[in-house]
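Subject: Handing over the structure

Hi there,

Here is the structure I promised to pass on to you. Have a look first, and then read on for what turned up in it.

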Amino acid sequence: MSTGTPYDVHSIRQRFPILNRKVKGKDLIYFDNAATAQKPVEVIDALTQYYSYYNANIHRGLHTLADEATAAFEATREAVKEFIGAAHSEEIIFTKGTTESINLIAAAWGEACLSAGDEIILSSLEHHANIVPWQMVAQKKGATIRVIPMNDQGEMDMAGFHALLNDKTKMVAVVHASNALGIIQPVEEIIRSAHQHGAVVLIDGAQSSVHLDINVREMDCDFYVFSGHKVYGPTGTGVLYGKKHILNSMSPFLGGGEMIKEVSFEQTTYNELPFKFEAGTPNIADVIALRSALAFITELGKSAIRMHEDVLLKYATAQLQKIEGVQIIGEVENKVPVVSFVAAGAHPQDLAYLLDNNGIAVRTGHHCAQPLMKRLGIVGTTRVSFGAYNTQEEVDVFITALEKSLKMLR
Amino acid sequence: MENQRTIEEIEQQLVDDFALFETWEEKYEYIIDLGKKLIPLSDAFKIDAYKIKGCQSSVWIHSHYENGRVFFEGDSDAVIVRGLVAIVITVLNGQSPTAIAEAPLSFIDAIGLRSHLAQTRANGLSAMLKQMKLEASILGGQSSSHP
């Protein structure tokens, strides 16, 4: 929760060691937060502490180290439960990231619940990670993929969505906030309508989890997935939230240790949730450190961070609009702090080179959303995305560097 | 034709040219300038068959063989990459298939292109050169089998 003290970005920056480094001789300006966020020192310390003091395999050992490691690992599960407002900690499954979470659901839920002729609804704004796993299971089960159209602003076309819903709809898997454009999608309406048709809903929270208050019970989504590394946590950590009764109805995804209750060569009884879906030794250290990342966000307060980031978003948007030939892609009110733009006479890749030469990290290209880029009729964009530690001064340096780069290129 | 410079000589010339610039900003300006001056590739060659995979932008390289020498033309939709295309064409154009295959291409490291350009894009540069060497050896091989 927010402490009520004013948001002090400069003291927050001191908690991120990487922000002290120079890139190409300049102070690093990190504007690629939608790809991955930097880590506060407490996350880095948690990793060191684990490996230096209580590294052990979890859940099985009866010695002190195993006990401490297990307690720390399970404490993260509790923290994630609180972070997204889940009802039960066994509804939290650890994966290695959003991509693995979606693959697990597509394979394990799809295996149990999809039959020939069923329909899966996705949107035109999806990341490849929320397209390809569905194509794989659809092909296997003889299901069909239907795609929610979007308007020119990058919002899902809700009339188009309602028209797609029917009794054959079994799954609606959509992004909460678009990674390429930052636009927050009307997931509440999608979930409500899908449920009226008896469909299950997966929300891809890769971009929303760090910026928006998430309460999966209020949202009433059936699955919510996100990556630890985008919420200031370590890479290789992911979360799959699923409603208990749905997770129980699914078959395991991977077989091995941890996920079993009893094994004989004739038959195996599976373990209970969440262990049924966590075969093998998990990513113990990184999951433990993820808790420190969630604590960092909670300490600052998501709404305080969002207010800070929103100021940067609006400021950067206004400054970009002043530059001749710059067009912002996806200009709507309701966005996470992501600005995607194209600039006349400048290929995104050229901008990436020249901005990098100024120490500025941005993302360019199709952002793993080729169908979206095709729909927009562009090859790619330059994407600027903000985090808790970015400043207005950094935006100014970026705008100056961008203007200079455009002058060089045109 | 007798004055044809060797690849090593051209590489050295490039290294010397780049050494004149003090900052990378100036080097970029030079690369952009080379990109802008590169003769555009005919649209007929801007097709998948001539496209180099591994670059974030589109890059096309077309080659042909004439009197024992390989000639290249190329293009890209990004101007800095066009500049890089211009540079590699300068180095390899009009050389024999054997000379191209054996070209040291040490100018890339000497100029600092590999260390300064982010890896993913440097890979694009490597992909470009690999493709040009491959085409040269194919063109050379075809010609020797049809004397």
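This is a predicted model: local features need pLDDT of at least 70, side-chain atom pairs count only at pLDDT 80 or more; totals for chains, interfaces and linings use all residues.

A nonpolar core, as used here, is a set of buried Ala, Val, Leu, Ile, Met, Phe, Trp, Tyr and Cys residues joined through side-chain atoms within 4.5 Å. Buried means under 20% relative accessible area, exposed over 50%, and partly exposed in between, with a 1.4 Å probe and protein chains only.

Residues are numbered from 1 along each chain as its sequence is written, chains are lettered from A and ligands numbered from 1 in the order in which they are written, and side-chain values use heavy atoms, with hydrogens and water left out.

**The cores**

The largest nonpolar core holds 82 residues, and those with the most contacts inside it are A:I84, A:V172, A:I203, A:Y224 and A:Y232. Its largest share, 11 residues, is supplied by α10(A); helices (H or I, at least four residues) and strands (E, at least two) are DSSP runs, numbered from the N terminus. The core also takes at least three residues from each of domain 1 (9-36 + 301-409) and domain 2 (45-298) of chain A, the domain bounds coming from an automatic or database assignment. As background, nonpolar side chains tend to be buried together in soluble globular proteins.

What does A:I84 touch, leaving aside residues up to four places away in sequence? Its partners are A:I92, A:I214, A:N215, A:V216, A:Y224, A:F226 and A:Y241, where contact means heavy atoms within 4.5 Å. There is also a second, separate core of 70 residues, which includes A:L409, B:I7, B:I80 and B:I108.

Helix α7 of chain A (residues 187-196) is worth a look too. Its residues A:V187, A:I190, A:I191, A:S193 and A:A194 are buried. The buried residues of α7(A) pack against α6 (158-164), β7 (169-175), β8 (200-204) and α8 (216-219) of chain A. After α7(A) comes A:G198, with a positive phi near 75 degrees.

**Between the domains of chain A**

The centres of domain 1 and domain 2 of chain A, taken over C-alpha atoms, are 28 Å apart. Their contact takes 36 residues from domain 1 and 33 residues from domain 2. Together the two domains bury about 2,800 Å², 58% of it on carbon and sulfur atoms; buried area is the accessible area (1.4 Å probe) that two parts lose on being put together, summed over both.

One salt bridge is counted between these domains, a salt bridge being a side-chain nitrogen of Lys or Arg within 4 Å of a carboxyl oxygen of Asp or Glu. The side chains of A:R375 and A:D152 meet in a salt bridge at 3.0 Å, N to O. On the side of domain 1 that touches domain 2, α13(A) gives the largest share, six residues.

**Where the chains meet**

The contact between the chains takes 17 residues from chain B and 15 residues from chain A. About 1,600 Å² is buried between them, with 53% of it on carbon and sulfur atoms. The count here is one salt bridge. A:K404 and B:E25 form a salt bridge, their closest N and O atoms being 3.2 Å apart. On the side of chain B that touches chain A, α2 (24-37) and α3 (79-92) of chain B are the elements that give two or more residues, and α2(B) supplies the largest share, six residues.

**Some backbone details**

Most residues other than glycine have a negative phi, and most peptide bonds are trans. The bond from A:L273 to A:P274, however, is cis, with omega near -5 degrees. A:P274 sits in the loop between β12 (268-270) and α10 (284-300) of chain A.

Is A:H367 buried or exposed? A:H367 is buried, with a relative accessible area of 6%. This residue has a positive phi of about 55 degrees although it is not a glycine, and it lies in the loop between β16 (363-365) and α13 (370-376) of chain A. B:N67 also has a positive phi, of about 50 degrees, and is not a glycine. B:N67 is found in the loop between β1 (59-66) and β2 (69-76) of chain B, and is exposed at 69% relative accessible area.

Enjoy exploring!
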